[in-house]
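This report is for a reader who is meeting the structure for the first time.

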Amino acid sequence: MKKEEFRAYAHQVVNWMADYMEQKENYSVTPNVTPKAIFNQIPSSAPEKPEPFEAIFKDFQEIIVPGMTHWQHPSFFGYFPANNSEPSVLAEMLMATLGAQCMSWITSPAATELEERVCDWLRDAKGIDSSWKGVVHDTASTATLSAILTAREKATQFQINEKGFTGNEQFKVYSSSHVHSSIDKALKIAGIGVKNLVRIPVDKNFAMIPEELDSAINKDLEAGFRPLCVVSALGTTSSTAVDPIFEITQITRKHGIWHHIDAAFAGTALLLPEFQHLIKGHEFADSYVFNPHKWMFTNFDCTILYVREPKFLVNTFSMTPEYLKTKLDDEVNNYRDWGIQLGRRFRALKLWFVIRSYGLEGIREKLRKHLQLAQLAKSWIESEQYLELLAPVNFNTICFRYADSGSTSEKLNSLNESWMNSVNATGKAFFTHTKLDGKFVIRWVIGQTDVEEKHIRNAWSLLLEKLEDTLQQAKN
Ligand SMILES: *Cc1c(COP(=O)(O)O)cnc(C)c1O
């Protein structure tokens, strides 16, 4: 592509982007495609000859876009959102243009120093202890793996990094029974083994029972195991349950073990002072992760890992071969030493654009609106005799289902599943499910950047309409 062509095509692309952002709610939230439908439209071998941008862009619009799930659609209520915003997208374009690889301070001083600042900004705005330091990672999975590896190395005086496992480690890691699968995965990768993840029972609100944690640790100690780390959840993925951070930290302190707080989704709520009590006592925990790429208007990917003592993280990951050494290494942060990857994207730029564009006030306003909309939707569900809420609405995630007293639990599960599928099949809204105590539950997460009351109202009408159809069909 010639330099002068780039300008014209870039304008064309930006126009498409602006149209998309204005009209995203006119798309079907999920695509109507069968497996391989897209694959088969793409030639089986790469083109030998250059193709004009017009052809590529046309195929993008005609083949790719119809095969996309529209994650930014205001009626996308599934999983957790991965919401974006105009300033974040603009920053992403600039990042791609600079094309910087931000592994070390010297490879882009501005990238490192901006990352330090925006991590501090969010730390302070969230009420995290001002001595903690942050680093931007791609995902919570990576950040949690980094924390667990660091816990492992701290506990063994960095000996596993050096010599490998002796075979006598006998580590145990604890979480609630509602733990996210990224913790299981981290234990696989860290060589600890998923069998050594101890799932602590939860209370009726699906939060970890601290007494159960303490007794599990004591039992393991007596049996000769080595408790390494507790991963608590501030907002579980199923129902956004909040583990008691304060009580858990008392226990981890007493036993001298690492406490990692997984606040991947709900951590954004700490920007609201009324939620900051949830991390009371965290000063004596060890690490905390949250995803601005879920609910903070910063397009995927962007995660921040905060640690109380960065030296443990750095000692776990630093590798400074001769060709990476610089004169300034004692004076600056080389973020390559704060995690797994060497090469790093300039994600702090997105955070800077988002935070400055909205201001913390603007972000808080949006969060409060989402929380209010969730309360509204919750009140509608409560007002229906045959609908029930299965978990407290701690933030903006509602877990609900249809339940009549005449049906078996199996029948209810299949009814609710059909109900959700029939709603999703319309393409007008999108929900996903979880299971709570064996019950199929629809999750309604209200956290899209542009979600308005009308989207919630339309989704509610659609839910009621499809429930009637589903019950009718079940009768026939
Ligand atoms: C989403 C989520 C994760 C994983 O996040 P990624 O950034 O996709 O790795 C981990 N823990 C919890 C509680 C989550 O909700």
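In this predicted model, a nitrogen atom of the ligand lies 2.6 Å from an N or O atom in the side chain of Asp262.

| Residue | Part of the residue | Ligand atom | Distance |
|---|---|---|---|
| Asp262 | side chain, N or O atom | nitrogen | 2.6 Å |
| Ala140 | backbone, N or O atom | oxygen | 2.8 Å |
| Asn291 | side chain, N or O atom | oxygen | 2.9 Å |

On its own the ligand has 390 Å² of accessible area, and the protein covers 88% of this. The shell around the ligand holds 13 residues, of which Ala140, Ser141, Asp262, Asn291 and Lys294 come nearest. By type, the shell residues divide into 8 polar, 3 nonpolar and 2 charged. Helix H5 (140-155) supplies at least two residues of this shell, and so does helix H10 (292-295).

The loop between H10 and strand E7 (303-307) contains Thr298. Thr298 has a relative accessible area of 0% and is therefore buried, as the cut-off for that term is under 20%. A polar atom of the Thr298 side chain lies 2.9 Å from the backbone oxygen of Met296. Beyond its neighbours within four places in sequence, Thr298 is in contact with Asn83, Asn84, Ser88, Pro292, His293, Lys350, Leu351 and Val354.

Ile200 belongs to strand E3 (residues 197-200). Its relative accessibility is 1%, so Ile200 also counts as buried. Tyr174 is 26 residues away from Ile200 along the chain, yet the C-alpha atoms of the two are separated by 6.9 Å. When neighbours within four places in sequence are left aside, the residues in contact with Ile200 are Tyr174, Ser175, Ser176, Ser177, Met208, Ile209, Glu212, Leu213 and Ala216.

The last part concerns helix H14, which runs over residues 453-475. With 23 residues at 1.5 Å a residue, H14 should span 33 Å, and because its end C-alpha atoms are 33 Å apart, the two values agree. The buried residues of H14 are His455, Ile456, Ala459, Trp460, Leu462, Leu463, Lys466, Leu467 and Thr470. Their cover includes two helices, H12 (348-382) and H13 (409-425). It also includes strands E8 (387-389), E9 (397-402) and E11 (439-445).

Note on methods:
Residues are numbered from 1 along each chain as its sequence is written. This is a predicted model: local features need pLDDT of at least 70, side-chain atom pairs count only at pLDDT 80 or more; totals for chains, interfaces and linings use all residues. Side-chain values use heavy atoms; hydrogens and water are left out. A residue is near a molecule or strand if one of its heavy atoms lies within 4 Å of it. A polar contact is a pair of N or O atoms within 3.5 Å; within protein, one must be able to donate a hydrogen and the other to accept it, and residues adjacent in sequence count only if both atoms are side-chain atoms. Accessible areas come from the Shrake-Rupley method with a 1.4 Å probe; for residues, only the protein chains shown count as cover. Helices (H or I, at least four residues) and strands (E, at least two) are DSSP runs, numbered from the N terminus. Ala, Val, Leu, Ile, Met, Phe, Trp, Tyr, Cys and Pro count as nonpolar, Asp, Glu, Lys and Arg as charged, and the others, Gly among them, as polar. Buried means under 20% relative accessible area, exposed over 50%, partly exposed in between (1.4 Å probe, protein chains only). Contact means heavy atoms within 4.5 Å. The expected span of a helix is 1.5 Å times one less than its number of residues.
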